[in-house]
Amino acid sequence: MKDSIRAVAFDIDGTLYPNWQLYFRIIPYTLKRLRFFLTYNSVRKILHRTAPLADFYEYQARLLALKMHTSPESAKTMIEKNVYCGLAPYFKRIKPFAHMKETIEKFRRAGYKLAVLSDFPPAQKGSIWGTLDMFDVVCGSEELGALKPSKYTFGVLASKLGVAENEILYVGNSVSADVRGASAAGMKTAYLMPLWRIILNKPLQDADISFKSYRHLQKIVLQ
């Protein structure tokens with residue numbers, strides 16, 4: 001594995017930090033805005049199947065506006081207020097996975113190019129727990145025009161890195177968006193296993209690597 005990759009790219013949500021930490025903290029917040037978030041989630045499901053868009057944010061707002069019987073301008077304001085800005089403060093209290101930063105540092109010292117590709121704006125996570133300056137490329141799929149698992153989005157990531165798709169290892173926790181999406185684009189994949197897979201010792205067959213912890217990932221990639 002070490003000799004066949006030149007770059008390592010990471011998803012953020014559920015990959016660099018445990019999803020449960022966010023979900024637990026935002027329960028009161030989402031309950032107060034339940035109708036909005038239920039509708040917004042239905043829109044995102046559509047967007048995960050949508051071809052690349054010239055203006056993702058405009059189309060997202062139009063879809064939400066239709067479902068909530070409001071104007072696109074109002075819908076765009078709601079998304080900005082409730083999602084992009086509203087959720088940002090919660091990330092300040094979230095802790096990343098153990099040895100995540102150490103792993104990224106070691107990959108960088110080993111000479112790999114590094115990147116982040118997330119379906120939500122990386123800027124929402126601030127310094128991404130102290131790793132931001134170590135990445136060569138930091139981008140959100142929304143700004144590229146298509147959510148994962150779009151092959152287009154992974155292709156743009158490869159172009160920004162200046163590395164062929166088959167020389168990139170994409171690290172994520174979602175089978176559909178991260179593993180199958182990156183694999184369909186020609187990348188190698190590393191899957192962060194959930195607890196039940198770890199307990200049952202059941203690696204994901206679709207992924208090139210299934211890892212239990214970041215030190216486990218280090219061992220596989222660097223040795």
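The largest pocket is lined by 29 residues, and Asp13, Tyr23, Asn41, His48 and Phe120 lie nearest its centre. A pocket is an open set of points on a 1 Å grid over the protein atoms alone, where a 1.4 Å probe fits, with protein on both sides within 12 Å along at least five of seven lines; lining residues have an atom within 4 Å of a point. The model is predicted: local features need pLDDT of at least 70, side-chain atom pairs count only at pLDDT 80 or more, and totals for chains, interfaces and linings use all residues. Residues are numbered from 1 along each chain as its sequence is written, and side-chain values use heavy atoms, without hydrogens and water.

**Largest pocket**
- The largest pocket holds about 790 Å³ of space, a volume being the space filled by probe spheres set on the points.
- Domain 1 (7-17 + 96-222) and domain 2 (21-92) both give residues to its lining, so the largest pocket lies between them; the domain bounds come from an automatic or database assignment.
- Helix 3 gives the most to this lining, with five residues; helices are DSSP runs of H or I with at least four residues, and strands are runs of E with at least two.

**Second largest pocket**
- The volume of the second largest pocket is about 210 Å³.
- It is lined by 13 residues, with Phe97, Leu192, Met193, Ile198 and Lys212 closest to its centre.
- Strand 5 (188-192) and helix 10 (195-200) each supply at least two residues of this lining.

**Gly126**
- Gly126 lies in the loop between strand 2 (113-118) and strand 3 (137-140).
- Gly126 and Gln205 are 79 residues apart in sequence and 34 Å apart in space, C-alpha to C-alpha.
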